[in-house]
Amino acid sequence: MRMVAVVLGGGVGERVGAALPKQLLRLGGKTLVEHCVAAFEQAPGVDEILVVMAAGYVEQVRGMLAAGGFSKVTGVIAGGVARSDSTRVALAAIAGPGECGVLLHDAARPLVDQRIIADCVAALEVHEAAGVAVPASDTMVITDNGVMHTMPRRETLWRCQTPQCFRLPVIARAHELAAADPDFAPTDDCGVVLRYLPGVDVHIVPGSERNLKVTYPQDLAVAEALLAEEAAR
């Protein structure tokens, strides 16, 4: 099965408070998107890499990745307004003959490791859908108007990370159905499959606390510390 990694960097990351989209912020001398692409470039189970960037930054990133010698990168394309729009643009770009697995990864998770990627590829060999996740360590509560009313059992709760992985026909069909629903604004792709293709099981690939998402300035500082710790070993 052909395996395509999609690095989703179509947003602008306003919460991180930088002048550039956060995927172009530097971590250990490289941009976040370069860290992600490098991880998939090194993964033997990944055949191609497609990068989705915010409009206005496509040519800059295309040149940057070409200079980096990333041979698996088959394209850098402009994303849409929302994350789901960017996903649909990517799915349309990789559609083609033959079986295909798709690993959808947030460019804001620059420290994804080879074990996670290999486990995602292996999961798609036997399942139609899978998502990287880690068990919740905090007690979670459901609220209504600032008042707690339900506490789910913590052992049933997991925090989603990326990659999120699908056979191409499955995720393409789920997004087709989601696009026709004006009342749904998905924030991730596992949620799209869960809602619109309830007969498809979404299996868990164990994640890692290292696979953090850079959302706020302090997240970048944590990622820098993790890189420095590894370099010192």
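Select Asp 188 and Gly 191. Asp 188 caps the N-terminal end of H6, with a side-chain oxygen 2.9 Å from the backbone nitrogen of Gly 191. A polar contact is a pair of N or O atoms within 3.5 Å; within protein, one must be able to donate a hydrogen and the other to accept it, and residues adjacent in sequence count only if both atoms are side-chain atoms. Helices (H or I, at least four residues) and strands (E, at least two) are DSSP runs, numbered from the N terminus.

This is a predicted model: local features need pLDDT of at least 70, side-chain atom pairs count only at pLDDT 80 or more, and totals for chains, interfaces and linings use all residues. Residues are numbered from 1 along each chain as its sequence is written, and side-chain values use heavy atoms, leaving out hydrogens and water.

**Helix H6.** Now select residues 189-196. Which residues of H6 are buried? They are Asp 189, Cys 190, Val 192, Val 193 and Tyr 196. Buried means under 20% relative accessible area, exposed over 50%, partly exposed in between (1.4 Å probe, protein chains only). These residues lie on the same side of H6, because they cover an arc of only 160° around the axis. The arc is that of the directions from the helix axis to the C-beta atoms. Show their partners next: the buried residues pack against elements including strand E1 (2-9), helix H3 (83-94) and helix H5 (168-179).

**The cores.** Select Val 7, Val 51 and Leu 103. They have the most contacts inside the largest nonpolar core, which has 34 residues. Such a core is a set of buried Ala, Val, Leu, Ile, Met, Phe, Trp, Tyr and Cys residues joined through side-chain atoms within 4.5 Å. Apart from it lies another core, of 24 residues, among them Leu 91, Ile 94, Ala 129 and Val 193.

**The sheet.** Show the strands. An open sheet of seven strands runs E5-E4-E1-E6-E10-E7-E11, with mixed pairing. Two strands pair if DSSP finds at least two bridges between them. The edge strands are E5 (73-78) and E11 (203-206), each pairing on one side only. E4 and E5 pair in the parallel sense over five bridges. Zoom in on Val 51: it stands opposite Val 76 in E5.

**Last stop.** Select Asp 106, found in strand E6. Is Asp 106 buried or exposed? Asp 106 is buried, with a relative accessible area of 11%. Not counting residues up to four places away in sequence, Asp 106 touches Leu 8, Cys 36, Arg 83, Thr 162 and Lys 213. Contact means heavy atoms within 4.5 Å.
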